[in-house]
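Please read this note beside the model. It takes the points one at a time.

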Amino acid sequence: MNLPPTGRTVDDLLAEVARLKEHDLPVRGGQVTAYVYDTGRAEVNDAATRAYLEMLEVNCLDPTAFPSVVEMERQVVGAVADLLGGGHGVFTSGGTESIMLAVKAARDRAARPRPNLVLPVTAHPAFHKAAHYLGVRVVAVPVDLETYKVRAGDVERAVDEDTIMVVASAPSYPQGVIDPVAEVAAVAAAAGVPCHVDACVGGWLLPWLREAGAAVPPFDLSVPGVTSISCDLHKFGYAPKGASVLLFADPAMRRAAYFASGAWPGYTVINATVQSSRSAGPLGGAWATLQSLGRDGYAELGRATLEATRRLRAGLAGIPGLRVLGRPESSLVAFAGDDVDVFVLADEARARGWFLQPQLSYAGIPANLHVTVTGVTLAGVEAMLKVIAESAGAARERGPVVLPDGLVELVAELDLAALDDAAFAELAASVGVDLRPGAGQPEMAVVNTVLDALPAPVREAVLVRFLSVVYAS
Ligand SMILES: *Cc1c(COP(=O)(O)O)cnc(C)c1O
């Protein structure tokens with residue numbers, strides 16, 4: 001029974017929350033180089049937390065009941081529009097929701113019988129998810145394997161009469177490079193197709209990097225042919241999670257993202273987002289973060305981020321056996337190993353208290369590790385490089401993961417439907433992953449090596465099963 005028979009005190013609850021979080025990665029300090037974004041400034045965090053709590057119980061469901069939501073959203077969306085070439089916006093819960101709504105608007109406006117979405121292979125899976133949810137087919141275009149950018153000519157050839165939207169990323173997450181937005185948007189415009197720029201990670205970063213001296217090509221709504229852009233404030237806006245903005249050049253396109261229903265006898269439903277009842281906490285948190293940092297704050301974070309990225313790239317270039325992929329144009333840096341198994345390196349770094357994000361090989365791009373450099377990274381960049389160098393040395397000594405003979409074939413041919421969760425957990429245990437509650441953090445190199453060897457559809461099936469075992473009751 002998970003519900004206590006009688007209520008518990010706040011102190012008791014908070015003690016348990018602290019215990020539950022014991023094995024979490026730290027969200028502050030810069031030693032986790034993915035998932036979390038840290039300004040390193042406690043007063044910003046304090047402002048966000050307090051405004052979040054203040055708005056926590058306000059419901060975005062009905063803007064006429066809670067005008068604070070409208071005013072705050074206008075201010076937040078307005079700030080993003082000012083930075084990204086204008087437009088008409090929606091505040092959403094994250095990049096995935098922004099992308100979902102952009103695809104929905106494009107689908108509804110185009111009204112094609114067999115709609116498709118043309119995107120580079122480096123585009124975020126949120127587009128595949130949106131396509132899957134919305135009944136749209138994905139047409140993936142390869143990228144140049146030197147620059148990791150899509151070529152506009154390839155996009156042009158992929159577009160057909162059923163294409164509802166073309167995507168470019170600024171930057172794409174895997175290698176942190178910016179697709180040729182102007183060229184891709186021109187190709188889309190010539191075909192009469194909307195072009196969405198996925199600036200989920202870069203929208204609130206690239207302008208500040210540019211101000212700090214980085215060469216950033218135009219990528220926003222001011223570029224002819226760009227019809228919508230997504231920008232996550234819960235990434236380089238440093239807002240608490242649940243904050244993204246989607247901007248449309250054309251207000252009619254924004255209307256196509258909205259949803260209203262009069263088809264029931266209850267309250268009137270009018271939604272700007274996928275969610276209906278929705279806490280205004282994230283909106284309050286994002287608003288307060290923007291107000292607390294201001295232009296100066298973001299400009300300073302931009303300078304620190306750019307400097308940290310330069311040092312990281314230079315430092316990585318000096319570590320034998322490692323190589324940075326492409327020429328990162330933002331503060332996302334991916335590096336592969338030549339005589340170093342990067343999955344082993346990641347486990348070694350983890351044991352030294354640092355999390356580096358593994359990325360599996362895909363579409364001709366080798367397996368690699370991904371670092372998201374944020375404002376707080378600069379203070380620890382030398383320490384990070386030292387850990388990466390030590391971990392690379394240790395990984396070289398340990399040698400690459402050698403899988404038991406036939407394991408990959410066994411997994412590839414598994415009939416997952418015929419396997420119950422217990423049998424799957426047993427299989428996981430055989431490669432060193434203990435899925436039982438409280439088992440702690442496993443070494444991931446073997447798992448990553450197995451996944452890396454599998455085709456994407458098998459990876460997906462295994463991952464879904466993994467999740468269901470993790471949440472098994
Ligand atoms: C993070 C990210 C997304 C998805 O955002 P969520 O907020 O995790 O839903 C989409 N595109 C890019 C480029 C991203 O970095």
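1. Valine 197 has isoleucine 229 of β6 opposite it. The two strands concerned are β5 (residues 195–198) and β6 (residues 226–232), which run parallel and are joined by 4 bridges. Strands here are DSSP runs of E with at least two residues, helices are runs of H or I with at least four residues, and both are numbered from the N terminus. Two strands count as paired if DSSP finds at least two bridges between them.

2. A word on the basis of these points. This is a predicted model, in which local features need pLDDT of at least 70 and side-chain atom pairs count only at pLDDT 80 or more, while totals for chains, interfaces and linings use all residues. Residues are numbered from 1 along each chain as its sequence is written, and side-chain values use heavy atoms, with hydrogens and water left out.

3. β5 and β6 belong to an open sheet of 7 strands with mixed pairing, in the order β1-β7-β6-β5-β4-β2-β3. The edges are β1 (88–92) and β3 (137–141); each has a single partner strand, so one side of each lacks a neighbour in the sheet. On average, neighbouring strands of this sheet are turned by 20° against each other, direction ignored. Axes are lines fitted to C-alpha atoms, for helices over the stretch in contact, and angles run from 0 to 180 degrees between N-to-C directions.

4. Helix α4 (residues 95–110) packs on this sheet, touching β1, β2 (116–120), β4 (163–169), β5, β6 and β7 (244–248). Contact means heavy atoms within 4.5 Å. The direction of α4 makes about 25° with that of β7.

5. How do α4 and helix α5 (residues 125–134) cross, and at roughly what angle? Their axes come within 9 Å and cross at roughly 50°. That makes α4 oblique to α5, since angles under 35 degrees count as roughly parallel, over 145 as roughly antiparallel, 65 to 115 as roughly perpendicular and the rest as oblique. In α4 the residues in contact are Thr96, Ile99, Met100, Val103, Lys104 and Arg107; in α5 they are Ala126, Phe127, Lys129, Ala130, Tyr133 and Leu134.

6. An open sheet of 4 strands has antiparallel pairing and the order β10-β11-β13-β12. β10 (322–324) and β12 (357–359) stand at its edges, each with a single partner strand, so one side of each has no neighbour in the sheet. Neighbouring strands of this sheet are turned by 35° against each other on average, direction ignored. Helix α10 (residues 281–317) packs on the sheet and touches β10, β11 and β13 (368–372).
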